[in-house]
Amino acid sequence: MHTWPAPSLPTIPGRGLAVHVRDSLTGALVLGSPGPVATLYVCGITPYDATHLGHAATYIAFDLLHRAWLDAGLEVSYASNVTDVDDPLLERAAQTGVDWEQLALEQTALFAQDMTALAVLPPHTYLGAVETIPTVVSTVERLLAGGQAYRVPVEPGAGGSRPDLGDVYADVSVDPAVGHVEGLDHDETVALFGERGGDPDRAGKRDPLDPALWRRERPGEPSWDGGVLGTGRPGWHIECTVIAEQALGASFDVQGGGRDLCFPHHEMSAAHARALGAPGARAHVHTGMVGLGGEKMSKSLGNLVLVSVLREQGVDPMAIRLAVLAHHYREDWDWTDEVLATAQRRLERWRSAVSGNGGPDAGSTVEAIRTALADDLDAPSALRAVDTWCDASLSVGGDVIGAPGVLARSVDALLGVRV
């Protein structure tokens with residue numbers, strides 16, 4: 001899987017601070033990484049309709065973390081995935097009459113274009129689910145051999161030439177930590193599992209929460225040779241477990257994604273890692289939901305504001321990025337015309353303020369940006385610090401030669417906003 005080109009990062013004076021983030025599982029503010037190498041895994045897209053503002057908000061949030069780590073002098077190893085075979089992708093391809101592989105390629109390429117426009121630093125390891133199938137197969141074989149997984153009989157017509165092998169599911173009963181989500185009881189957790197891609201009603205499972213590890217071949221669906229597993233394709237959660245361990249090792253600093261991935265995706269991915277004897281992520285960090293008209297923006301609802309469409313309409317990607325950064329990454333918020341208009345006015349004002357040779361000293365502003373980012377990636381506070389400098393530059397002026405350039409380079413390096 002090819003990633004997108006990395007934007008250049010300007011050199012700025014000084015060094016950033018140690019970054020603390022909110023761990024979703026404990027609610028505690030924790031050190032993002034002790035260094036010297038910071039490791040990050042962010043769940044990627046299922047490429048059937050990229051990229052809406054919810055995606056943009058997630059990847060911009062973790063781009064801030066990436067930039068803040070680099071500014072603090074850490075080396076960063078960042079991994080991500082593309083779920084380039086999954087039920088929603090196959091369903092969209094069937095609905096539109098487009099080959100599923102072609103749809104995945106087109107939407108993955110569009111996502112890369114959007115990330116490039118938004119100045120998001122690319123992952124160092126970027127793998128598709130299809131690329132990881134041999135590793136997934138060997139991993140599922142280990143879970144079966146260790147008694148942490150089992151087979152479920154398939155319906156007539158499924159399973160290709162070996163229907164007797166059945167689908168493979170993880171047994172959540174071996175891990176007592178699974179299923180304790182936001183204080184929900186078992187029935188509520190099962191309902192949430194069904195809403196978020198699980199199959200709690202699948203006949204033959206030991207527990208409704210058991211997630212699929214290997215889905216056997218079905219008529220009309222793509223499948224791959226799974227050896228002793230039989231022909232089929234990977235389950236969703238095991239894909240990320242395998243890629244994270246392959247890219248970052250048995251233990252890594254931060255697992256990231258939207259809050260709707262906390263359960264079941266991240267919880268099940270972590271459970272798979274534990275079953276394999278790997279500690280997995282030291283902290284789980286989740287972004288809030290972006291809505292439109294009071295409803296969460298999602299592909300299933302179809303209430304999407306697409307970055308590519310905004311760009312086609314002539315909206316500056318830096319204004320889109322500023323609109324996202326105006327909200328704390330853990331906050332739920334609604335995209336509106338006024339949100340965009342406010343960001344566009346802010347961008348114009350920032351550009352006017354840094355257009356001269358002299359201005360107020362920028363040193364304290366740069367440190368204020370760093371302090372804000374170190375405190376759970378507080379982008380709104382960082383933006384207000386820049387606003388204050390720009391207000392002073394435009395209203396009072398200043399005689400520090402080069403200050404506008406220092407600020408512009410710092411805003412670029414730390415916030416990813418080119419002014």
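**Sheet and core of a predicted model**

Strands β3 (residues 37-42) and β4 (residues 75-82) run parallel and are joined by six bridges. Strands here are DSSP runs of E with at least two residues, helices are runs of H or I with at least four, and both are numbered from the N terminus. Two strands pair if DSSP finds at least two bridges between them. One of the bridges links Y41 to A79 in β4. This is a predicted model, in which local features need pLDDT of at least 70 and side-chain atom pairs count only at pLDDT 80 or more, while totals for chains, interfaces and linings use all residues. Residues are numbered from 1 along each chain as its sequence is written, and side-chain values use heavy atoms, leaving out hydrogens and water.

The open sheet has five strands in the order β5-β4-β3-β10-β11, with parallel pairing. β5 (125-128) and β11 (280-287) are at the edges and have a single partner strand each, so one side of each lacks a neighbour in the sheet. From one strand to the next, the twist averages 20°.

Helix α6 (residues 236-248) lies across β3, β4, β5 and β10 (251-258), and runs at about 155° to β4. Such angles run from 0 to 180 degrees between N-to-C directions, with axes fitted to C-alpha atoms, for helices over the stretch in contact. Contact means heavy atoms within 4.5 Å.

The largest nonpolar core has 77 residues; L53, L65, W69, W335, W350, L415 and V417 touch the most other members. Helix α1 (residues 53-71) gives the most to this core, with 11 residues. A nonpolar core is a set of buried Ala, Val, Leu, Ile, Met, Phe, Trp, Tyr and Cys residues joined through side-chain atoms within 4.5 Å; buried means under 20% relative accessible area, with a 1.4 Å probe and protein chains only.

Methods. Buried < 20%, exposed > 50% of the residue type's maximum accessible area, 1.4 Å probe, protein only.
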